[in-house]
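Subject: Structure for you to look at

Hello,

I am passing on a structure that you have not worked with before. Please open it first; my notes on it follow below.

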Amino acid sequence: GAVTSYAAVDLGASSGRVMVGRVGRHELELTEAHRFPNRPVRVPEGLRWDVLGLYAGVLDGLRAAGRVDSVGIDSWAVDYGLLDADGALLANPVHYRDGRTEGVAEAVWASVPAAELYAATGLQYAPFNTLYQLVAARSAGQLAHAERLLLIPDLLSYWLTGEQGTELTNASTTQLVDPRTRDWSHDVAARLGVDLSLFAPLRRPGDPAGTLCPEVLRETGLDGPVPVTAVASHDTASAVAAVPASGERFAYICTGTWSLAGLELDAPVLTEESRAANFTNELGLDGTVRYLRNIMGLWLLQECVRAWREPDLGELLRAAAEVPALRSVVDAGDPLFLAPGRMPERIAEACRASGQPVPQSPAEVTRCILDSLALAHRRAVEDAQRLAGHAVDVVHVVGGGVRNALLCQLTADACGLPVVAGPAEAAAFGNVLVQARAHGLVGDRADMRRLLAGTQPLTRYAPRGDTGPWRAAQARLA
Ligand code: LFR
């Protein structure tokens with residue numbers, strides 16, 4: 001049968017890649033055309049993304065990918081670039097780990113109480129939600145010359161095509177979208193004085209998003225026309241679309257720099273209990289709701305590894321597996337761990353403060369992190385089921401953490417549920433499959449998932465022991 005190929009640009013917090021997906025009726029194959037580091041840059045004014053470096057990586061990747069039927073872009077959420085009246089980028093996009101939003105949420109809640117904001121937008125509190133970033137930018141006078149705001153994937157898409165849009169799944173992370181109407185929350189914006197005309201018109205995954213412009217074709221050596229297709233441009237939305245589940249009784253954990261743990265629902269959960277539990281209602285493919293909690297994720301380990309000057313990761317994980325389980329745990333959902341730097345010390349301080357043994361060696365700290373992540377996974381999967389009234393009997397782990405067998409096994413143990421791990425490149429798969437679907441090659445969401453389950457290697461982890469020790473460890477954090 002016919003096989004077509006798609007380029008998936010997938011930008012994560014620590015690296016970007018351009019993958020080529022080949023899709024047929026019973027065939028799905030992903031190969032890496034180009035991978036490049038994404039290093040946040042600290043300048044005197046704060047922490048910034050090197051967005052020109054990223055764009056250069058995208059162009060290199062497209063050149064390496066060669067002839068494709070379409071291109072799609074996804075990245076992390078919430079961050080954006082501002083354009084002036086001529087469409088030129090005004091400044092380097094601010095990194096969501098920058099400290100500029102400290103105290104901003106409290107000021108916002110004075111105008112729109114937190115409970116009302118949750119009922120209207122369904123978004124969990126995170127200091128970096130675009131709304132808080134925008135309010136901080138406005139106070140700093142940074143919006144004075146801004147005519148347009150483009151979220152990161154939309155900005156890169158604009159540079160590739162000259163066309164502007166705002167993709168909906170990623171827009172849902174701004175805290176300016178109503179998850180019931182899947183449209184802007186005009187009321188919240190008006191009450192907070194946010195000018196929604198800063199945003200380009202909404203696009204949905206699968207919508208056409210222009211074609212590579214002549215300069216890009218020249219730079220990449222490609223022959224036009226090459227269409228760009230809007231995908232689920234929030235990386236987590238693309239990853240959830242690529243969870244190889246059958247049926248509805250599953251939870252997912254998208255692992256990488258973050259762990260995003262939760263459920264796919266038809267409708268948002270906007271109760272006060274849900275807000276207190278800090279669950280978010282982000283939008284997914286086909287108007288689904290990604291009901292999930294943000295957990296710090298492998299960021300905790302990445303930051304330690306950086307502090308320890310990059311020891312061999314395989315050895316570190318083998319040593320961590322030998323350390324006794326659950327000696328000390330930290331709350332891996334705590335925004336305390338958001339900013340970069342001093343991570344081994346901050347973990348030690350958290351253990352000391354909760355009266356637990358302080359992990360000493362890198363192996364002990366690593367074990368503490370992995371136990372803590374598994375524990376946070378357990379809590380999120382449990383809470384989500386209870387709050388949404390939606391029971392599951394399997395947990396799908398996708399994303400970079402799939403390669404961390406100890407984390408997958410501990411997650412199965414902690415949840416007391418079987419874990420199915422894979423694919424690691426879920427975001428890129430979701431990106432490719434939405435493009436293939438837009439071009440008529442695959443059917444609905446269930447077909448996409450069947451194709452993944454039938455073609456990709458998945459690893460199963462059965463839970464070991466009972467969950468008593470995990471419940472006891474949780475009690476230490478209460
Ligand atoms: C994961 C992710 C999360 C989002 C965080 C910040 O890459 O997109 O979903 O909360 O990054 O944008």
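Strand β6 (residues 70–75) has 6 of its 6 residues buried, so it is largely enclosed by the rest of the structure. Strands are DSSP runs of E with at least two residues, helices are runs of H or I with at least four, and both are numbered from the N terminus. From β6, S70, G72 and D74 point one way while V71, I73 and S75 point the other way, and all are buried.

The model is a predicted one: local features need pLDDT of at least 70 and side-chain atom pairs count only at pLDDT 80 or more, while totals for chains, interfaces and linings use all residues. Residue numbers start from 1 along each chain as its sequence is written.

The partner of β6 is strand β1 (residues 4–11), in the parallel sense over 6 bridges; two strands count as paired if DSSP finds at least two bridges between them. In this pair D10 stands opposite D74.

There is also an open sheet of 7 strands with mixed pairing, in the order β17-β18-β16-β15-β19-β20-β21. Its edge strands, β17 (280–283) and β21 (459–461), each pair on one side only. Within the sheet, β16 (residues 259–265) and β18 (residues 289–295) run antiparallel over 7 bridges, and G262 stands opposite L292 in β18. Helix α14 (residues 362–388) packs on this sheet, touching β15 (250–255), β16, β18 and β19 (394–399), and its direction makes about 20° with that of β16. Contact means C-beta atoms, placed from the backbone, within 7 Å; axes are lines fitted to C-alpha atoms, for helices over the stretch in contact, and angles run from 0 to 180 degrees between N-to-C directions.

As for the ligand, 14 residues surround it, the closest being W76, A77, V78, T236 and W258. A residue is near a molecule if its C-beta atom, placed from the backbone, lies within 6 Å of it.

Finally, the UniProt record (unreviewed entry) lists "domain: Carbohydrate kinase FGGY N-terminal" at residues 68–240. That span is 34% helix and 17% strand, with its end C-alpha atoms 24 Å apart. UniProt positions are in the numbering used here, feature names are shortened, and annotations may be inferred rather than shown by experiment.

Regards

Conventions: Two residues are in contact if their C-beta atoms, placed from the backbone, lie within 7 Å. A residue is buried if 20 or more other C-beta atoms lie within 10 Å of its own, exposed if 12 or fewer, and partly exposed in between; C-beta atoms are placed from the backbone.
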